Amino acid sequence: PDPTLAPHQAQAVEQFFLGDVALFRGFLAACCGQFPTDIAQGDKACAAGDWAALRLTAHNLKSILQTLGYPDLHAQARALEQSCMANDGASCLPLWQVIRSELLEFQTQSVLPNNPLFFLGILRGLRNDFIFIIYSI
C-alpha cells in the first residue's frame, strides 16, 4: 500500500484501479480538473431551478465520487439525484451545497500525480458512466 494515500483512497485503488496508484492519481487529477465545470453546471441548474440538469450533474458525480473512494459523498450525490427526480428543490439546494463545498475542497488539495505517467485527458460518458482515461508513459 502507498503510505501517501488516505485509507479510503487506498481502498478505491484496490477496488477500482487494480492496485495501480499511478492510474488512480491520474484519474484523481483529471477529476479535479473537471470539478470546476461540474460546480458551474450545478450552480447554474440550482439558480434556474432546473432539477433535471442538476440530476445529470449529481448522477455523474455519484459515479466519480464512488470511484475515487468517497462513499459519504457518493451517498450525498445519490440523495441529490433522488431529490432532483422528485423535483424537491427544498432538499436539492442544501444537498448541492454540501457536494459543492467538498468539490471546492478538492481544488485546494495537491492531487497531481508524481509518477512517470503524463496525463493527457479524460472523457466521461454521460449516458453510461463510462470513464476513459487517456495517458502515456
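Predicted model: local features only at pLDDT ≥ 70, side-chain atom pairs only at ≥ 80, totals over all residues.
Figure 1. At 1% relative accessibility, Cys 31 counts as buried. Setting aside neighbours within four places in sequence, the contacts of Cys 31 are Ile 64 and Leu 68. Phe 106 sits 75 residues away from Cys 31 along the chain, yet the C-alpha atoms of the two are separated by 9.3 Å.

Figure 2. Let us step back for a moment. The protein chain holds five helices and two strands, and along the sequence they come in the order α-α-α-α-α-β-β. How many of the residues are buried? Of the 137 in the protein chain, 40% count as buried. Among contacts between residues at least 6 apart in sequence, 56% join residues at least 24 apart.

**Figure 3. The largest nonpolar core, with 33 residues.** This view shows the largest nonpolar core, a set of 33 residues. Those with the most contacts inside this core are Phe 24, Phe 35, Leu 54, Leu 68, Leu 80, Leu 103 and Phe 106. Helix H1 (7–16), H2, H3, H4 and H5 are the elements that give two or more residues to the core. Which helix gives the largest share? That is H2, with eleven residues. As general background, nonpolar side chains tend to be buried together in soluble globular proteins.

Figure 4. The model has four aromatic pairs. In one of them, the ring centres of Phe 35 and Phe 106 are 5.2 Å apart and the planes meet at 50°, so this pair is tilted. Phe 35 belongs to helix H2 (residues 21–48) and Phe 106 to helix H5 (residues 89–108), so their pairing ties together parts that are 71 residues apart in sequence.

**Figure 5. Phe 17, Phe 24 and Phe 27, an aromatic cluster.** Here three phenylalanines, Phe 17, Phe 24 and Phe 27, form one aromatic cluster. You have already met one of them, Phe 24, among the residues with the most contacts inside the largest nonpolar core.

**Figure 6. Thr 67 and the backbone of Ser 63.** Thr 67 lies in helix H3 and counts as buried, at 15% relative accessibility. What lies 2.9 Å from a polar atom of the Thr 67 side chain? The backbone oxygen of Ser 63 does.

**Figure 7. Helix H4 and the helices it packs against.** H4 has 15 residues and reaches 21 Å from its first C-alpha to its last, close to the 21 Å expected at 1.5 Å a residue. Its buried residues are Leu 73, His 74, Ala 77, Leu 80, Glu 81, Ser 83 and Cys 84. Which helices do they pack against? The partners are H3 and H5. For a close look at one of these residues, pick Leu 80: leaving aside neighbours within four places in sequence, Leu 80 is in contact with Leu 54, Ala 58, Cys 92, Leu 95, Trp 96 and Ile 99. After H4 comes Asn 87, whose phi is positive, near 55°.

Figure 8. How many disulfides does the whole structure hold? The search finds zero. For Cys 46, the nearest cysteine sulfur is that of Cys 92, 7.2 Å away. For Cys 92, the nearest cysteine sulfur belongs to Cys 84 and is 3.6 Å away; a disulfide would need the sulfur atoms within 2.5 Å. Cys 46 is buried, with a relative accessible area of 14%, and Cys 92 is buried as well, at 0%.

Technical notes:
Residues numbered from 1 in each chain as written. Heavy atoms only, no water. Phe/Tyr/Trp six-rings, centres within 6.5 Å; stacked < 30°, edge-to-face > 60°. Helix = DSSP H or I, 4+ residues; strand = E, 2+ residues; numbered from the N terminus. Buried < 20%, exposed > 50% of the residue type's maximum accessible area, 1.4 Å probe, protein only. Polar contact = N/O pair within 3.5 Å; in protein donor to acceptor, adjacent residues only side chain to side chain. Expected span 1.5 Å × (residues − 1). Contact = heavy atoms within 4.5 Å. Core = buried A, V, L, I, M, F, W, Y, C linked by side-chain atoms within 4.5 Å.
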